[in-house]
Amino acid sequence: MRERILRAGKTMREASRVVMMALREIFDENAYARFLASHGMANSREAYAHYLRETNGVRERRPRCC
Amino acid sequence: MLRKLTLFVVWCAIAVLGALSLATIAFRRGESINAMWLVMAALCTYAIGYRFYSKFIAAKVLTLDAMRATPAERLENGRDFVPTNKWVVFGHHFAAIAGPGPLVGPVLAAQFGYLPGTLWIVVGAVLGGCVQDFVILIMSVRRDGKSLTEMARAEIGRIGGLVAFVAVLAIIVIMLGAVALIVVNALKGSPWGTFTIAATIPIAVLMGVYLRHLRPGKVLETSSIGFILVLAAIVGGQGISHSAYASWFTFTAPTLAIAIIVYGFSASALPVWLLLAPRDYLSTFVKLGTIAILAVGIVALRPTLHMPAMTRFMDGTGPVFAGKIFPFAFITIACGAISGFHALISSGTTPKLVQRETETRLVGYGAMMAESFVAIMAMIAACVLDPGVYFAVNSPAGIVGSSATTAAATITSWGFPVTADQMAALAKSVGEQTLFNRTGGAPAFAVGMAHIFSHTLGGEALMGIWYHFAVMFEALFILTILDAGTRVGRFMLQDGLGHVWKPLGRTSWYPSIIATSAIIVGLWGYFLWMGVRDPLGGINSMWPLFGIANQLLATVALCVATTIIIKSGKARYAWVSLAPLVWLVMVTFTASYQKMFNPNPRIGFLAHAESLAKQAIQTGETSRLIFNDRLDAVITGALVVLVVMVLAESVLEWERVVSGRKEATVSETPFVQTRYSEAE
């Protein structure tokens, strides 16, 4: 029984982790983190402005469905 | 062995449950059924479709190769090409394909009853929409994430590429006009709704500033704050609607249309970070949350459907839109079953994120199943309403009369009893002055959603809040689409005009931005204006036009898919995309023909123009309406001609390959083994 509860808990944790990962990707937080890592920058207003400048072109051209 | 036997039993049980649910919704007549039958029928069909049909396509037709590196891996740049977890890509793709279409289309198609729409949403998705999204996604993945237009040019020919380009631009313009009309119809004469939607603009700007200057990169946090502010705006809107300021937010349809046109132009010229991006985040946040709550609400409430399985309006005399069940139910449901627009997403951002080829099945086929389920929920939201209420909300004044008493009497005479008092009480409970003639689908969906939510959480006292939450939810989608769609259309136009005069192609050159934005806004604004001034409510002509354009784009996408399947030596499996293609050709061409030439003025554009021309009193308004009808007919005809050209070019290409006159080769990127196989 205890093992089952532990397994269920693990599954729940894994599911929440995937949901959070999906949300971070959908909301571009992961994209910003990748940008910081690839440019060797720390999070700051300037870094975010730089990130926006680089990604605006892609974002503007991204179609949304009806 | 035991596992195999268990699986066999489980899948047999799912198949039996699905068949039982489908039989219940198909054959139960004269009594109300529970919405859970629709949910079960849909879920079981999706499960069977995913487990067996998509697996067959993946294994036999597309031969997905887990060892083959995807562009996300080969071209990884941390920006566009990023290998991403399959569930994350699924969420990303679903967020991009889900818009107001699967909510509005089924609500409008509910005029035929719940049965035809439900069957098409489920079957159309499993055999058509999911297949299209899946096949186009993998084809784009195998071509370094190429767009539909580029694939059409490479695999079919120059005409295919050109037509796909024109069709995409046309569908964007028509779609923007149609969805803008939905917002106008939802907000006209509604100070509460207008205040809430107006408030989302400063909220989005505030989010943009907060995100850029105070908490850089904290998008989820910013979106949560934005969501709380939007909820505050909904509650505040109730106060405004009862105050002396109500008149400041009470507008007629033409005034709202002008405001939206001006807004659309200004928004598309503003920096992305200031308005578009934060509102896009907010819209996605609300969208994912609301869809999840709606699913929970339906399961918790298990509401009864009051709409009959089939109504008398299958004969084509429906008040919501005119036309028989074939082809108009299939055109109207649009994105809930199959959408050409999805092919743009499947060949846009998504193929650049997929980590393994085998994951395209979950992302392409699976996300479309989720979208189809959203359409089922919209159908349920519309059908939980009393049919009399449904028709009172969705019927234009031109059909049922402009006074409450006349409208109620007309609808009751159709066999769907409703009274003016009943509608007045309902309008009061949701904080509106009237709910008569609120065409467009959004208000009916909002009333249905409020009904489900209020019975699950908050009771009747919260009907108004839930109704305006639903209106805000749809309008937020639509404003984002107007802004984003105008920009996408502008870029396409700039790309095209750049071939004529180079400076016009420079996307950062302000005169070009202003000119091309004005052209795109002017085009969809014209359609919006046309809809607003239409005495039949506009949706009667705009939504079928949008549906036709969208399905014609799907026809182009399926032409590309079939061509690639045949050219890759799999002609014996071409029926996988050929069958939905043939069906779509029948549906779209019949619908287009009827919209142009049907002698019934409520269906045929030209017949309507002719009936107006015969009127004894001719005004400037009449001439304009005649011109609009003829314009609609010309646009429909032009779209059909373009698609016929792609079809002809495709069929010739198939014939050349099948007869052996041309070598069966496709322009895929060469095989490179994935590095993930080593990790396993």
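Helices α15 (360-383), α18 (404-413), α19 (420-429) and α20 (442-456) of chain B are among the elements that cover the buried residues of α16(B). Helix α16 spans residues 387-394 of chain B, and eight of its eight residues are buried, so the rest of the structure largely encloses it. This is a predicted model. Chain B has 27 helices and two strands, while chain A has three helices and zero strands.

**Enclosed helices of chain B**

- The buried residues of α16(B) are B:Pro387, B:Gly388, B:Val389, B:Tyr390, B:Phe391, B:Ala392, B:Val393 and B:Asn394.
- Helix α6 (residues 114-141) of chain B is also largely enclosed by the rest of the structure, because 25 of its 28 residues are buried.
- How far apart are the end C-alpha atoms of helix α6 of chain B? They are 38 Å apart, which agrees with the 40 Å that its 28 residues should span at 1.5 Å a residue.
- Helix α6(B) has a kink of about 60 degrees. The kink is centred on B:Ala125.

**The nonpolar core**

- The largest nonpolar core holds 245 residues.
- Two members, B:Phe445 and B:Val556, touch the most other members of this core.
- Helix α8 (residues 158-187) of chain B supplies the largest share of the core, 21 residues.
- Which residues does B:Phe445 contact, leaving aside its neighbours within four places in sequence? They are B:Leu103, B:Val104, B:Val107, B:Ala378, B:Ala381, B:Ala382 and B:Ala470.
- In soluble globular proteins, nonpolar side chains tend to be buried together.

**Overall form of chain B**

- Chain B has 680 residues, and 58% of them count as buried.
- Its C-alpha atoms fill a box of roughly 70 × 65 × 60 Å along the principal axes.
- Among the contacts in chain B with a separation of 6 or more, 81% join residues 24 or more positions apart.

**Overall form of chain A**

- Along the sequence, chain A reads α-α-α.
- Chain A has a radius of gyration of 18 Å, whereas a compact globule of 66 residues would have one near 11 Å.
- The C-alpha trace of chain A spans about 55 × 35 × 15 Å along its principal axes.
- Buried residues make up 24% of the 66 residues in chain A.

**Where the chains meet**

**Backbone exceptions in chain B**

- Most residues other than glycine have a negative phi, and most peptide bonds are trans.
- B:Phe326 and B:Pro327 are joined by a cis peptide bond, with omega about 10 degrees. B:Pro327 sits in helix α13 (residues 325-333) of chain B.
- B:Arg302 is not a glycine, yet its phi is positive, near 45 degrees. B:Arg302 lies in the loop between α12 and β2 (304-305) of chain B.
- B:Ala334 also is not a glycine and has a positive phi of about 45 degrees. Its place is the loop between α13 and α14 of chain B.
- Is B:Arg302 buried or exposed? B:Arg302 counts as exposed because it has 12 C-beta neighbours inside 10 Å.
- B:Ala334 is buried, because 32 other C-beta atoms lie within 10 Å.

**A loop residue, B:Met314**

- B:Met314 belongs to the loop between β2 and α13 of chain B.
- With 18 other C-beta atoms within 10 Å, B:Met314 is partly exposed.
- Leaving aside its neighbours within four places in sequence, B:Met314 contacts B:Phe112, B:Lys324 and B:Ile325.
- B:Met314 and B:Glu221 are 93 residues apart in sequence. In space they are 48 Å apart, C-alpha to C-alpha.

Methods:
Residues are numbered from 1 along each chain as its sequence is written. Chains are lettered from A and ligands numbered from 1 in the order in which they are written. This is a predicted model: local features need pLDDT of at least 70, side-chain atom pairs count only at pLDDT 80 or more; totals for chains, interfaces and linings use all residues. Helices (H or I, at least four residues) and strands (E, at least two) are DSSP runs, numbered from the N terminus. The radius of gyration is taken over C-alpha atoms; the globule rule is 2.2 Å times the number of residues to the power 0.38. A residue is buried if 20 or more other C-beta atoms lie within 10 Å of its own, exposed if 12 or fewer, and partly exposed in between; C-beta atoms are placed from the backbone. A nonpolar core is a set of buried Ala, Val, Leu, Ile, Met, Phe, Trp, Tyr and Cys residues joined through C-beta atoms within 7 Å. Two residues are in contact if their C-beta atoms, placed from the backbone, lie within 7 Å. The expected span of a helix is 1.5 Å times one less than its number of residues. The bend at a residue is the angle between axes fitted to the seven residues ending there and the seven starting there.
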